[in-house]
Amino acid sequence: MLHHVEINASDLLVTREFYDALLPDLGYELYQEWPLGFSYKYGATYLVFVQTEAAFIHSGYHRKATGLNHLAFHAESRRQVDELTDKMRRRNARMLYKDRHPYAGGPQYYALFVEGPDRLKIEIVAPE
């Protein structure tokens with residue numbers, strides 16, 4: 001079982017707004033918060049978001065470089081994928097693979113692909 005994942009954020013407030021809108025719908029609960037970070041927990045696993053230190057803020061992030069590529073979450077249903085798609089569109093989140101949505105992962109793979117803050121790809125996958 002994965003214990004936690006920690007993600008540095010270039011703008012903690014923007015990151016907080018995005019994940020506050022997404023993670024509770026997926027069953028995560030706010031777990032911790034402090035001036036330079038916050039975390040959400042689901043079961044025994046949690047996600048930590050912290051403000052990038054000023055010395056490293058200009059290094060940037062790209063999911064195609066070495067390191068973390070994306071985070072994928074289980075959805076309860078295709079309906080939940082659709083609801084989160086609508087929610088992310090209303091928030092003007094950058095939708096990925098729009099021309100193939102919701103089957104960008106293949107004909108049996110129903111999912112939302114969206115970019116979060118700092119261009120981290122987020123995937124929400126419906127059960128088969």
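# A briefing on pockets, cores and a buried arginine

The side chain of Arg 63 reaches the side chain of Glu 115 in a polar contact of 2.7 Å. Keep in mind as you read that this is a predicted model.

- Where does Arg 63 lie? You will find Arg 63 in the loop between β4 and β5.
- Is Arg 63 buried or exposed? Its relative accessibility is 12%, and the limit for buried is under 20%, so Arg 63 counts as buried.
- Besides the contact with Glu 115, a polar atom of the Arg 63 side chain lies 3.5 Å from the backbone oxygen of Arg 119.
- Leaving out residues up to four places away in sequence, Arg 63 touches Leu 68, Asn 69, Leu 96, Tyr 97, Glu 115, Arg 119 and Lys 121.

**Two of those neighbours, seen up close**

- Tyr 97 belongs to the loop between β6 and β7, and its phi is near 55 degrees, a positive value in a residue other than glycine.
- Arg 119 has a relative accessibility of 41% and so counts as partly exposed.

**A cis peptide bond**

- Which residues does the cis peptide bond join? It links His 101 and Pro 102, and omega there is about 0 degrees.
- Pro 102 is part of the loop between β6 and β7, where Tyr 97 is also found.

**The nonpolar cores**

- In soluble globular proteins, nonpolar side chains tend to be buried together.
- The largest nonpolar core here has 30 residues, and those that touch the most other members are Leu 23, Phe 73, Met 88, Ile 122 and Ile 124.
- Two or more residues of this core come from each of β1, α1, β3 (37-42), β4, β5, α2 (78-90), β7 (111-115) and β8 (121-125).
- Which element gives the most to this core? That is α1, with five residues.
- Take Leu 23 as an example: not counting residues up to four places away in sequence, Leu 23 touches Tyr 28, Tyr 40, Leu 47, Phe 49 and Phe 73.
- Another core, of five residues, lies apart from the largest one, and its members include Leu 96, Ala 104, Ala 111 and Val 125.

**Val 48 in strand β4**

- Val 48 is found in strand β4, and its relative accessibility is 6%, so Val 48 counts as buried.
- Not counting residues up to four places away in sequence, Val 48 touches His 4, Val 5, Glu 6, Ile 7, Trp 34, Phe 38 and Ser 39.
- Glu 33 is 15 residues from Val 48 along the chain, and the C-alpha atoms of the two are separated by 9.4 Å.

**The largest pocket**

- Rolling a probe the size of a water molecule over the atoms shows where empty space is left.
- How much space lies in the largest pocket? The volume is about 460 Å³.
- Its lining has 20 residues, and Asn 8, Ala 9, Thr 52, Gly 60 and Tyr 61 lie nearest the centre.
- The elements that give two or more residues to this lining are β1 (4-9), α1 (12-22) and β4 (45-51).
- β1 gives the most to the lining of the largest pocket, with four residues.
- By class, the lining of the largest pocket has eleven nonpolar, six polar and three charged residues.

**The second largest pocket**

- The second largest pocket holds about 350 Å³ of space.
- It is lined by 15 residues, of which Tyr 28, Tyr 42, Ala 72, Phe 73 and His 74 are closest to its centre.
- At least two lining residues come from each of β4 and β5 (70-74), with β5 giving the largest share, four residues.
- Ten nonpolar, three polar and two charged residues make up the lining of the second largest pocket.

Note on methods:
Residues are numbered from 1 along each chain as its sequence is written. This is a predicted model: local features need pLDDT of at least 70, side-chain atom pairs count only at pLDDT 80 or more; totals for chains, interfaces and linings use all residues. Side-chain values use heavy atoms; hydrogens and water are left out. On a 1 Å grid over the protein atoms alone, a cavity is a set of points where a 1.4 Å probe fits but cannot get out, and a pocket is an open set with protein on both sides within 12 Å along at least five of seven lines; lining residues have an atom within 4 Å of a point. Grid points are joined across faces, edges and corners, and a volume is the space filled by probe spheres set on the points. Ala, Val, Leu, Ile, Met, Phe, Trp, Tyr, Cys and Pro count as nonpolar, Asp, Glu, Lys and Arg as charged, and the others, Gly among them, as polar. A nonpolar core is a set of buried Ala, Val, Leu, Ile, Met, Phe, Trp, Tyr and Cys residues joined through side-chain atoms within 4.5 Å. Buried means under 20% relative accessible area, exposed over 50%, partly exposed in between (1.4 Å probe, protein chains only). Contact means heavy atoms within 4.5 Å. A polar contact is a pair of N or O atoms within 3.5 Å; within protein, one must be able to donate a hydrogen and the other to accept it, and residues adjacent in sequence count only if both atoms are side-chain atoms.
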